[in-house]
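The sequence and structure are shown first.

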Amino acid sequence: MMVYWCAGEYDMIDGEKHFIPSVIIDGEKGHRPMRGKDSLALPYYWGKTEEECQACCNQANEDMGIDEKTAAIIVGRSMF
């Protein structure tokens with residue numbers, strides 16, 4: 001199972017922060033910011049604040065059938 005989470009990653013564009021969601025995979029340490037990996041890939045920007053980005057992450061998780069409590073548990077397990 002995977003969840004989206006705003007882990008504080010952002011790019012500065014024209015003086016504004018654009019926050020990038022991360023993918024967190026249950027049972028794996030760390031997170032994977034959705035920055036894009038090759039010259040044709042672009043990062044995802046899900047808000048100009050951490051709160052906006054996290055709200056988008058929560059909605060994407062909910063769309064996959066994962067509530068906020070379950071997502072937080074998965075995020076917590078990824079830290080150890």
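## Contacts of Asp11

The side chain of Asp11 makes a polar contact with the side chain of Arg35 at 2.7 Å. A polar contact is a pair of N or O atoms within 3.5 Å; within protein, one must be able to donate a hydrogen and the other to accept it, and residues adjacent in sequence count only if both atoms are side-chain atoms. A further polar contact, at 2.6 Å, joins the side chains of Asp11 and Tyr45. Asp11 is placed in strand 2 (residues 10-13); helices (H or I, at least four residues) and strands (E, at least two) are DSSP runs, numbered from the N terminus. When residues up to four places away in sequence are not counted, Asp11 touches Glu16, Lys17, His18, Ile20, Arg35, Pro43 and Tyr45, contact meaning heavy atoms within 4.5 Å.

## Basis of the model

The model is predicted: local features need pLDDT of at least 70, side-chain atom pairs count only at pLDDT 80 or more, and totals for chains, interfaces and linings use all residues. Residues are numbered from 1 along each chain as its sequence is written, and side-chain values use heavy atoms, with hydrogens and water left out.

## Salt bridges

A salt bridge is a side-chain nitrogen of Lys or Arg within 4 Å of a carboxyl oxygen of Asp or Glu; by this rule the count is five. One of them joins the side chains of Glu9 and Arg35 (3.0 Å, N to O). This pair links distant parts of the chain, 26 residues apart: Glu9 is in the loop between strand 1 and strand 2, and Arg35 in the loop between strand 5 (32-33) and helix 1. Glu9, Asp11 and Arg35 are linked in a network of salt bridges.

Arg77 also forms a salt bridge with Asp26, with the closest N and O atoms 2.9 Å apart. Arg77 lies in helix 2 and Asp26 in the loop between strand 4 and strand 5, so the pair ties together parts that are 51 residues apart in sequence.

## Helix 2

The buried residues of helix 2 (residues 68-77) are Ala71, Ile74 and Val75; buried means under 20% relative accessible area, exposed over 50%, partly exposed in between (1.4 Å probe, protein chains only). They cover an arc of only 100° around the axis, which puts them on the same side of helix 2; the arc is that of the directions from the helix axis to the C-beta atoms. These buried residues pack against strand 1 (2-5), strand 4 (22-25) and helix 1 (50-63).

Asp67 caps the N-terminal end of helix 2, with a side-chain oxygen 3.3 Å from the backbone nitrogen of Lys69.
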